[in-house]
Amino acid sequence: MYMERASELTREQLLALLRTMWLIRHCEEQVVRSYARGELPGGVHTYIGQEATATGVCAHLRRDDAVFSTHRGHGHALAKGMKPERLLAEVMGKATGCCGGRGGSMHLFEPEVGFYGTSGIVGPSILLAAGAGYAAKLQNSDRVGVAFFGDGGSNNGAFHEGLNMAAAWQLPVVFVCENNLYATEVPFAKATRSKSVAERAAGYGLPGVEVDGNDVLAVYQAAGEAVHNARAGKGPTLLECHTYRIRAHSEGMRDTGYRSQEEIEEWKARDPIQGFKARLLDMGAATPAELDAMEVESQKIAEDAAKFARQSPWPDPATVADHLFSRPLGVNHA
Ligand SMILES: Cc1ncc(C[n+]2csc(CCOP(=O)(O)OP(=O)(O)O)c2C)c(N)n1
Ligand SMILES: [Mg+2]
């Protein structure tokens, strides 16, 4: 039985959750600014509004647990431990980025912290996480694989294959669906007759849990149980986190014609960071001045990271062909 309760978190643990959410928010605001200034080659999908999900899930993960992400993955990368400057330099295409500037927003990798990639393809994180769970099981390790994906991703074939196999083989995997109500501009209710993503878990014989994805403590609690069960050999869990993206699907895209301004305002009023701040004050876990200082501090970290990225060099053109071909031992590519 999983005993830890979110209400039993220490003050340090509570503040760490807020700090991570602020870091994600401020880094994303730097991304928005850089995109508008023409500093970002390629597309970017921001995570603003969804910070509680990555934060609540990743708070349970160790460095050697493997996270697989999506096209909207900056928050997952930061919550798993990628340094903000490595993220911002990468999305700006700079040599100091996590992939030397060759990947960009949708190819962020940092194996050293167990972050195995954002992806422009919707769905494969589900299969990759199942694969990581299979590897952990074969190695008799208590590592877990975690897949983040959207409501749109849950309608991809990968979802059904991945969940079925993970359940059949009782793999240590947590499937985290961030249901933000839309796949680009298609409402969830128009893409499926399922009432929820979580209810589909029953079809494959694994637990399906629904949670308020804007409530970091609710996510923390549910994810804690799922990670604990995975580590203990009790198999996978599907966690559906209800949340909302505040900005357009991707930067530069229109954001009208498929959702109302009232709906956006309604969700803005449920901002995961402001909600948690209010809760911390209610609980007496911190003073307003302490929380303000934390906000300023994370803003400075994000600003410094963006500055570092801006001042970093472009990759050397002489290395343009690096990493394109494998060089098996004994084969002369000269
Ligand atoms: C396999 C695949 N199909 C379609 C697309 C085009 N596409 C990019 S993002 C997206 C919507 C994804 O929606 P969701 O999974 O709900 O994630 P969200 O953008 O809401 O975070 C689609 C269909 C793609 N990139 N890959
Ligand atoms: Mg979606």
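Student: What spacing do the donors of the magnesium ion (ligand 2) follow along the chain?

Tutor: Bear in mind that this is a predicted model. Along the chain, the donors of the magnesium ion (ligand 2) follow the spacing D-x28-N-x1-Y.

Student: Which atoms coordinate the magnesium ion (ligand 2)?

Tutor: The ion is coordinated at 2.1 Å by Asp151 through OD, by Asn180 through OD1 and by Tyr182 through O.

Student: Which residues come nearest to ligand 1, and where does ligand 1 sit?

Tutor: Ligand 1 sits in the largest pocket, and of the 15 residues around ligand 1, those that come nearest are His71, Arg72, Gly120, Gly152 and Tyr182. By class, this shell has 9 polar, 4 nonpolar and 2 charged residues.

Student: How should I read the polar atoms around ligand 1?

Tutor: Take the pairs one at a time: a polar side-chain atom of arginine 72 lies 2.7 Å from an oxygen atom of ligand 1, a polar backbone atom of glycine 153 is 2.9 Å from an oxygen atom of the ligand, and a backbone N or O atom of valine 122 lies 3.1 Å from a nitrogen atom of ligand 1. Of the 580 Å² of accessible area that ligand 1 has on its own, the protein covers 69%.

Terms used: Residues are numbered from 1 along each chain as its sequence is written. Chains are lettered from A and ligands numbered from 1 in the order in which they are written. This is a predicted model: local features need pLDDT of at least 70, side-chain atom pairs count only at pLDDT 80 or more; totals for chains, interfaces and linings use all residues. Side-chain values use heavy atoms; hydrogens and water are left out. A residue is near a molecule or strand if one of its heavy atoms lies within 4 Å of it. A polar contact is a pair of N or O atoms within 3.5 Å; within protein, one must be able to donate a hydrogen and the other to accept it, and residues adjacent in sequence count only if both atoms are side-chain atoms. Accessible areas come from the Shrake-Rupley method with a 1.4 Å probe; for residues, only the protein chains shown count as cover. On a 1 Å grid over the protein atoms alone, a cavity is a set of points where a 1.4 Å probe fits but cannot get out, and a pocket is an open set with protein on both sides within 12 Å along at least five of seven lines; lining residues have an atom within 4 Å of a point. A molecule sits in a cavity or pocket if more than half of its atoms lie within 2 Å of its grid points. Ala, Val, Leu, Ile, Met, Phe, Trp, Tyr, Cys and Pro count as nonpolar, Asp, Glu, Lys and Arg as charged, and the others, Gly among them, as polar. Donors are N, O and S atoms within 2.8 Å of the metal (3.2 Å for Na, K and Ca); water is not among the atoms, so sites may look incomplete.
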